[in-house]
Amino acid sequence: MDLEKGVHRWIVDISEWNPSPNYFSFAMSFLPQHELSSITRFFQMEDRKRALVSRLLQYALIHQVLGIPYNGIVIRRTAEGKPYLLWLERSQECDKLNLEFPNFNFNASHHGDFVAIASEPICLVGLDVVSQTIPEKESVEEFIQSFSSYFSRLEWFNIISAGSSRQILSEFYRYWSVKEAFVKAIGDGVGYKLDTIEFHHKNWENIVVKVDGKELKDWRFWLLELGKDHVASIARGHPMYATSSYKTTLNRTQFNDEEYNLGLHLPNTSFIFRKVEDLFPSNENR
């Protein structure tokens, strides 16, 4: 198995893309009809761009990794909103893909200027992009205080002890991002008690998570600086932690230690920057 071919990290800087209304409609035309309302429901063009590029990334990545034509890709969402690929038919080709990537799954995220996607062949994957926005109408301390209940005592101490107001804000966003990546990996929603998740790290390397005080040794995390005051967190973990609704969408949730460790310790590839046009299908792949 060449599992590394199932590990992808793509990112688009939407600040560099300023389409005309006609070109925006052209870009939307590559998506199925049922996806369009999730884009047009936004009033602001920046929000529409993020929603469109997020969906284009999903279709383009699935096509590249699995070879499914765009019009054969069906993406659904769990009750909690987690997107997943729906396998419509069993075939020799699908069985071959399942052997190569026993648990192919993906996760997208967008905030600020960046829209990104990550995929994994065995482990659950969670991705969270955060723009470290400086609050305009209140101080940093006032802004973060309203979120204090989402952090453990140790995490909160590390945040407020980070240094200057700007350093405090950055540390706050980093903790927030890794928590979100974990919750998104397991397929949970906004109701998850974030204060029960506690992260330990050494300068944001060797990141470890504890849930209700117990260390989860079968998880790995990365926090990446994207530039332009944006960070991204990637979570990679065991499918047995997936929510019940998300588990039903996975090909496999049980692996022996040898199989699982192959996936857990795959290299975490760097983000590849894509242009929006890179995500359009060629004529033969529509």
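In what order do the strands of the open sheet with mixed pairing stand?

The model examined here is predicted: local features need pLDDT of at least 70, side-chain atom pairs count only at pLDDT 80 or more, and totals for chains, interfaces and linings use all residues. Residues are numbered from 1 along each chain as its sequence is written, and side-chain values use heavy atoms, with hydrogens and water left out.

**Solution to the opening exercise**

Step 1. Helices (H or I, at least four residues) and strands (E, at least two) are DSSP runs, numbered from the N terminus. Two strands pair if DSSP finds at least two bridges between them.

Step 2. The 4 strands of this open sheet follow the order β4-β5-β1-β12. Its edge strands, each pairing on one side only, are β4 (105-111) and β12 (272-273).

Step 3. Strand β1 (residues 8-13) pairs with β12 in the parallel sense over 2 bridges. Within this part of the sheet, Trp10 stands opposite Ile272 in β12.

**Exercise 2**

Describe the open sheet of 3 strands, from its order to its residue partners.

Step 1. The order is β7-β8-β9, and the pairing is antiparallel. Here β7 (197-202) and β9 (214-215) are the edge strands, for each pairs on one side only.

Step 2. Between β7 and strand β8 (residues 205-211) there are 5 bridges in the antiparallel sense. His200 has Val208 in β8 as its bridge partner, Glu198 stands opposite Lys210, and Phe199 stands opposite Val209.

Step 3. The antiparallel pairing of β8 with β9 rests on 2 bridges. Val211 has Lys214 in β9 as its bridge partner.

Step 4. Both connections are hairpins: β7 and β8 have 2 residues between them, and β8 and β9 also have 2 residues between them. In the turn from β7 to β8, Asn203 has a positive phi of about 55°; in the turn from β8 to β9, Asp212 has a positive phi of about 55°.

**Exercise 3**

Characterise helix α7 and the elements that it packs against.

Step 1. Helix α7 has 22 residues and spans 32 Å from its first C-alpha to its last, close to the 32 Å expected at 1.5 Å a residue. The expected span is 1.5 Å times one less than the number of residues. Just after the helix, Gly187 takes a positive phi of about 85°.

Step 2. Burial follows from relative accessible area: buried means under 20%, exposed over 50%, and partly exposed in between (1.4 Å probe, protein chains only). In α7, 17 of the 22 residues are buried.

Step 3. Two packed helices are described by the angle between their axes and the distance between the axes. Axes are lines fitted to C-alpha atoms, for helices over the stretch in contact, with angles from 0 to 180 degrees between N-to-C directions. The axes of helix α6 (residues 153-160) and α7 come within 7 Å and cross at roughly 150°.

Step 4. Contact means heavy atoms within 4.5 Å. On the α6 side the contact is made by Glu155, Asn158, Ile159 and Ile160, and on the α7 side by Ile168, Glu171, Phe172, Tyr175 and Lys179.

Step 5. Turning to the sheet again, β7 and strand β8 pair over 5 bridges. Helix α7 packs on this sheet, touching β7 and β8, and its direction makes about 120° with that of β7.

**Exercise 4**

Is Glu171 buried or exposed, and which residues does Glu171 touch?

Step 1. Glu171 is placed in helix α7 (residues 165-186). Glu171 counts as buried because its relative accessibility is 11%.

Step 2. Not counting residues up to four places away in sequence, Glu171 touches Asn158, Ile159, Ala162, His201 and Trp204.

Step 3. A polar contact is a pair of N or O atoms within 3.5 Å; within protein, one must be able to donate a hydrogen and the other to accept it, and residues adjacent in sequence count only if both atoms are side-chain atoms. Such a contact joins the side chains of Glu171 and Arg174, at 3.0 Å.

**Exercise 5**

Locate Asn206 and Asp229, and state the phi of each.

Step 1. Most residues other than glycine have a negative phi.

Step 2. Asn206, which lies in strand β8, has a positive phi of about 50° although it is not a glycine. Asn206 is exposed, because its relative accessible area is 62%.

Step 3. Asp229 lies in the loop between β10 (220-227) and β11 (230-237), and its phi is positive, near 60°. With a relative accessible area of 47%, Asp229 is partly exposed.
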